[in-house]
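Subject: Structure for you to look at

Hello,

Here is the structure I said I would pass on, with the sequence. My notes follow it.

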Amino acid sequence: MGKTSRKESETPCKETFEPFSVEVKTQATAVSLLNSPEEDIIVKACEAIRTFAEKGDENKVSLLGLGALEPLCRLINHNNRVIRGNAFTALGIMATNGDVSSVLKKLNIIPSVIEKLTLDEDTVIHEYATLCLTTLSVDFVGKAQIFENNGLPPLIVLLSSSDPDVKKNSLQVIFNLVQDYKSRQAVHTLGGIPPLLELLKSDFPVIQHLALNTLQSVTTDKDTRSTFRNEHGFEKLMDILKNTKLTDLHAEALQVMANCLSDSETVQLIHSNGGLARLLEFILTPNTPEIKCITIKCLTRVAQSSESRKVLHEQDVEKVLVGLLSVENTSVKALVCQAVAAMGLHPSSRDSFRDLGCIPAMVELLSSENLALREAASQALSSLTVNNQPNAFAVYTAGGHKILVRLLNGSCSKTVASSAATLCLMAGEVVIRSSILSHKGMEALVEPLKSKDPQVLVNSMQCVTVLACDKEARTQFRQAGGLQLLVNLLQTKDKDVLHNACLAVNVLASDKPSSVEMCRIGALEMLEEIKHSENHRNRFSELAMISLLNCNLSVKYSLMGHLSPTDMITGGFYDAGKACSGQMIPTLEELFKQPVNYHRPIIFADSAAEKKKEKVKHTDEPHFESTVVKPQGMIDDVSLQMLVKKAKESIFPLKDDKEQYSALARVVSDAMGGAVGMEKLHEFPWELHLSELKVLLKSNVIPIGSINKGFYCHRALLFKYLADCIEMSCSLVRGEYNRAWNEVVLFRENPTNRSPSQPCHYIVDLMHQPGALLGVDTLAALQYQTI
């Protein structure tokens with residue numbers, strides 16, 4: 001605004017002697033005269049200092065060096081109104097220099113200045129006191145001092161002053177203060193919104209701009225927005241926007257409106273007054289890119305609620321936004337993409353954008369050299385493809401998936417997160433998923449898993465989970481080194497990241513090599529730790545653990561001590577004994593390399609013993625033991641091969657289930673030393689036999705077919721292995737003291753009433769009366785399990 005005219009308010013000082021003139025020839029003289037006992041001399045000195053200070057910063061600094069500040073600070077509290085006014089005038093001019101304002105803060109001048117903002121003081125004092133505060137309120141310390149000394153209430157009152165300079169200065173101080181949260185709330189509480197709105201009618205543009213900028217700050221508070229609405233603030237903004245003579249205020253008016261449009265009540269109010277239509281006109285009317293950008297921001301704010309998106313859709317905002325994609329300005333395009341992303345949350349808008357050709361245009365923007373534009377375009381596509389198969393295919397047809405795969409390795413976290421989210425949404429379609437994989441989509445997802453950004457991690461793992469339903473994808477991910485990064489994320493403290501890591505592990509565990517690798521690098525131990533954590537335990541971690549164990553039956557049996565009928569161990573299984581919770585289970589190769597020791601031997605069911613080309617199929621989708629590569633140097637288990645053949649020959653001719661289980665039990669018992677009476681059990685030399693085998697084989701790993709004197713645990717394992725080979729259902733349960741047993745289910749009809757057959761659970765006796773089936777609740781079965 002510049003220096004506005006003001007009325008002279010000086011009044012003659014009280015005279016007690018004849019007037020005389022004083023000529024001040026140097027600034028040093030003027031400074032010294034500030035301490036004069038004569039009031040009119042002090043007035044002349046203040047005037048001289050003001051005149052000298054007005055000529056530039058060098059003069060202000062010179063006066064500072066001469067010690068002018070301390071007497072001036074004292075004189076603003078003088079009893080004489082004229083002296084106070086002239087002292088404030090000189091001080092206000094000097095305070096516009098940074099060095100001077102720094103010293104003023106140290107002199108703690110702010111409380112004294114605020115005291116002089118009362119309405120009974122002259123306008124000249126108000127003008128220069130507020131001028132002082134404008135320079136003292138630019139940093140945190142000054143703002144804090146003004147706020148703590150209750151400077152806001154009088155400043156708000158002075159917004160209604162008749163003097164434009166007082167209004168401007170007071171408004172500038174308030175604007176500086178409301179950059180802090182406490183002051184923003186205080187302005188609203190102290191009734192500052194009405195006078196701020198009134199200043200929009202000022203004849204001085206600088207005051208109008210300052211008022212709008214201040215309103216822009218305070219309307220970030222929800223309660224303030226409510227008051228703004230109740231005080232007809234939007235009507236006043238619309239008056240500005242409709243006035244073609246106030247185009248210089250349009251940008252700031254739109255900024256204020258953008259803040260307030262996040263409230264649905266406000267949207268309805270503006271819509272009912274024709275405000276939304278006016279916003280669309282602003283976009284379509286030729287104007288500066290700045291105005292277009294701010295207007296688009298307003299529309300984006302409107303689109304933050306479902307009710308408001310519906311209103312915008314009814315106004316055909318999609319057509320307006322798509323039209324703006326042809327604008328050359330990059331900032332405009334980026335903001336259009338953000339608006340599309342917001343409107344894309346409305347189902348009908350997604351279809352409208354597709355019909356208007358928006359998706360190919362968005363795909364094209366993914367290749368822009370501008371980082372912000374690429375980010376916004378990727379976010380828009382992510383929004384447009386949510387639950388929308390046609391849009392997913394439109395992105396695919398435009399080649400968007402190829403670009404999105406490349407963007408996964410970009411430097412912008414938001415772009416990577418959006419790209420992963422879009423690919424995840426598209427990958428539900430088989431054709432698109434295959435194409436994503438053919439362009440190394442799974443390999444590209446490895447790099448984002450190194451990110452520290454939770455959203456990047458969550459979206460990337462969700463994409464991995466969807467793509468991993470394809471066997472080829474699981475292989476690609478494993479070979480690209482993704483498993484280690486994924487397993488590392490099981491240690492995160494972020495719940496969303498942890499949940500999605502568990503889900504990804506759960507899906508990838510269906511790939512046997514991946515499952516084995518994840519177990520090798522500690523996934524089970526981490527999941528076990530999660531299981532015992534009250535803060536991090538979740539159903540996804542339990543699913544992941546079950547999936548890993550189902551594809552690693554050797555590990556599952558060591559940890560859980562139980563294999564179900566669907567856990568089929570037809571090859572590559574080894575029993576390393578009972579493991580403690582959290583204990584790492586060594587691989588067979590690691591166990592084979594260990595020197596012979598005195599610990600229990602590891603029993604290995606050699607995969608070479610089972611030569612079937614096809615996996616046994618069950619309607620309940622059984623789990624198969626992963627193929628374990630036999631360590632180099634280990635002999636083939638020819639005896640086990642012969643037992644498989646013998647079992648088939650003995651069992652296949654039999655039709656009755658009970659007879660089949662009994663016959664198989666006798667095959668196992670005969671192979672492992674025959675029946676042993678309970679009273680003779682302590683004489684059975686199974687431990688000596690196994691020790692001799694370890695020495696003979698020079699290994700802690702013993703092929704199960706080489707065992708001629710087997711105890712409960714060995715017989716039960718062999719029974720389970722042979723049963724699985726010939727498609728007979730049974731479980732394997734580990735007990736204490738080297739005991740183990742097999743449970744089977746037989747169905748028996750009730751002959752009296754021909755009722756449906758009922759399942760009956762039995763334990764197969766392999767040790768004492770081979771072939772006997774013991775009801776699980778009978779005394780004999782209980783003794784079998786616990787003795």
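Helix α8 covers residues 123-136; its 14 residues reach 20 Å from the first C-alpha to the last, close to the 20 Å expected at 1.5 Å a residue (the expected span being 1.5 Å times one less than the number of residues). Of those 14 residues, 13 are buried, which leaves α8 mostly covered. Buried means under 20% relative accessible area, exposed over 50% and partly exposed in between, with a 1.4 Å probe and protein chains only. Helices (H or I, at least four residues) and strands (E, at least two) are DSSP runs numbered from the N terminus.

This is a predicted model: local features need pLDDT of at least 70 and side-chain atom pairs count only at pLDDT 80 or more, while totals for chains, interfaces and linings use all residues. Residues are numbered from 1 along each chain as its sequence is written, and side-chain values use heavy atoms, with hydrogens and water left out.

Overall shape

The protein chain has 45 helices and 10 strands. Its C-alpha trace spans about 140 × 60 × 55 Å along the principal axes. The radius of gyration is 43 Å, whereas a compact globule of 787 residues would come near 28 Å (taken over C-alpha atoms; the globule rule is 2.2 Å times the number of residues to the power 0.38). Of the 787 residues, 53% count as buried. Among contacts (heavy atoms within 4.5 Å) with a separation of 6 or more, 69% are between residues 24 or more positions apart.

Cores

A nonpolar core here is a set of buried Ala, Val, Leu, Ile, Met, Phe, Trp, Tyr and Cys residues joined through side-chain atoms within 4.5 Å. The largest has 196 residues, and Leu72, Met362 and Leu490 touch the most other members. Helix α23 (residues 330-343) gives the most to this core, with 10 residues. Apart from neighbours within four places in sequence, Met362 is in contact with Leu325, Cys337, Val340, Ala377, Ala380 and Leu381. A second, separate core of 57 residues includes Val676, Ala740, Leu773 and Tyr784.

Strands

Two strands pair if DSSP finds at least two bridges between them. Strand β4 (residues 602-605) is covered on both faces, with Ile602 and Phe604 buried on one side and Ile603 and Ala605 buried on the other. β4 pairs with β3 (residues 573-575) in the antiparallel sense over 3 bridges, and Asp575 stands opposite Ile603. With β6 (residues 701-703), β4 runs parallel, again through 3 bridges; Phe604 has Pro703 in β6 as its bridge partner.

In strand β7 (residues 731-734), Ser731 and Val733 point one way, Leu732 and Arg734 the other, and all are buried. β7 pairs with β1 (residues 562-563) in the antiparallel sense over 2 bridges, where His562 stands opposite Val733.

Residues 150-192 are 70% helix and 0% strand, with end C-alpha atoms 14 Å apart. For residues 357-399 the figures are 72% helix, 0% strand and 14 Å.

Positive phi

His232, in the loop between α15 (222-230) and α16 (233-242), has phi near 60° and is partly exposed at 48% relative accessible area. Asn387, in the loop between α26 (371-384) and α27 (389-397), has a positive phi of about 50° and counts as exposed at 73% relative accessibility.

Regards
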